[in-house]
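Colleague: I have just opened this one and would like a walk through it. Could you take me through it slowly?

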Amino acid sequence: MLLEAKLPITLALSGAAAYGATPWVVRLAKSVNFYDLPAGGYKDHARPTPYLGGLAVLIGFFLVVPLAGGDRRAVPLVAGMAALCIIGTVDDRRGVSWLARVGIEAGAAVALWRLDLGWHTGAGDLADVVVTVGWLVLIVNAFNIFDNMDGVAAAMAGVVAAGATALGIVDDDLWLAAAAAALCGACLGFLPHNLASPARIFLGDGGSMAVGFAMAVLVMGSLGKAENQWPSFGLGLLLIGVPTVDCALRVIARRRTKVSFLTGGRDGLAHWWKRRLGSARAVAGVLTTLQVAGSTLAVFAVAHGFDASLIVLIVFAVVAVAAMAFLDVREVSG
């Protein structure tokens, strides 16, 4: 099947599958009494809302990703997403220590490196392992903590997956393009249920961790093959720019206020924008627009070589530092 036909087909089918699976997942969550209960503090929802939204995204993706074709990256991607969905769902239900979560993420990263699916820095195996582990742990947890408002994480994942699709087209990596398109469709198919007012279901840790893992693997699978790895690593951060800047802002805010990074709070980009825009839908629209711009710049840089990459990375660094200096994100609710 030609790429021009495969991409819209995988996008549409995964979107339809995730959209259709979500009401079934809502009923499943209700049948086992699996809700995110309103608890005040940093949580905005007024009534118990079902978890397990990540299961709907994975159903949409897993049903359609075989259409991308055979590739040695498929099994590690699917297995890793399933594993992190399970550990995240257990965390939603009864809690998992941060040490256990990071340990599992690091183990998955080492497995990817051993399969030659990690970063290749040119500085030796130890550096490659450290960078691969750091990358995967960062991206998974950046997506996880970014999932704090209706629609923002699913919308962001859809944009990042679209950027990964474009990278696959630029690199002539047909499997990557089709797999990323399938993930984009699954996220967008879930989004209407999550962005309803009020939300019908939440993505949950089981969804945000699995989707973050997929983003880390797909972006690394493209940019990790480049000759100049350090600019590529920076472009990878730009391709997932809004969640990574949000993560940096939280770290800074927590250091200022002496509050644990593991404590929930209103000190991220989404809550900053909601205090000014008033609605989750408006916040999702603004942050999605920002990420579209970042992903477009990243794909442009990859397509135009080393010099363009350096220019884009300098612009990204200046904008990110200026944003962190400007935004007042000190409000933290336990």
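**Burial and overall layout**

Modeller: Of the 334 residues in the protein chain, 54% are buried, where buried means under 20% relative accessible area, exposed means over 50%, and partly exposed lies in between (1.4 Å probe, protein chains only). Please keep in mind that this is a predicted model, in which local features need pLDDT of at least 70 and side-chain atom pairs count only at pLDDT 80 or more, while totals for chains, interfaces and linings use all residues. Residues are numbered from 1 along each chain as its sequence is written, and side-chain values use heavy atoms, with hydrogens and water left out.

Colleague: Let's go inside. Which residues touch the most other members of the largest nonpolar core?

Modeller: Those are M215 and L218, in a core of 99 residues, where a nonpolar core is a set of buried Ala, Val, Leu, Ile, Met, Phe, Trp, Tyr and Cys residues joined through side-chain atoms within 4.5 Å. Helix α7 (residues 174-194) gives the most to this core, with 14 residues. Leaving aside neighbours within four places in sequence, L218 is in contact with L77, A164, W175, L176, A179, A180 and L183. As general background, nonpolar side chains tend to be buried together in soluble globular proteins.

Colleague: What about T22, buried or exposed?

Modeller: T22, which is found in helix α1, counts as buried because its relative accessibility is 0%. Not counting residues up to four places away in sequence, T22 touches A56, F190, H193 and I201.

Colleague: Switching to charges, how many salt bridges are there?

Modeller: The count comes to six, with a salt bridge taken as a side-chain nitrogen of Lys or Arg within 4 Å of a carboxyl oxygen of Asp or Glu. One of them joins the side chains of D173 and R73, at 2.8 Å from N to O. That pair links distant parts of the chain, since D173 is in the loop between α6 (152-170) and α7 and R73 is in the loop between α2 (53-64) and α3 (74-93), 100 residues apart. D173 is buried, with a relative accessible area of 8%, and R73 also counts as buried, at 13%.

Colleague: Which residues does R101 pair with?

Modeller: R101 forms a salt bridge with D91, the closest N and O atoms being 2.4 Å apart. Here R101 is in helix α4 (residues 98-114) and D91 is in helix α3, ten residues apart. The side chains of D205 and R101 also meet in a salt bridge, at 3.4 Å from N to O. Because D205 lies in helix α8 (residues 204-223) and R101 in helix α4, this pair ties together parts that are 104 residues apart in sequence. R101 counts as buried at 9% relative accessibility, D91 is buried at 14%, and D205 is buried at 16%.

Colleague: Last topic: where is L310?

Modeller: L310 is in helix α12 (residues 280-326), and L310 is partly exposed, with a relative accessible area of 35%. The C-alpha atoms of L310 and L235 are separated by 9.2 Å, although these residues are 75 apart along the chain.

How values were computed
Helix = DSSP H or I, 4+ residues; strand = E, 2+ residues; numbered from the N terminus. Contact = heavy atoms within 4.5 Å.
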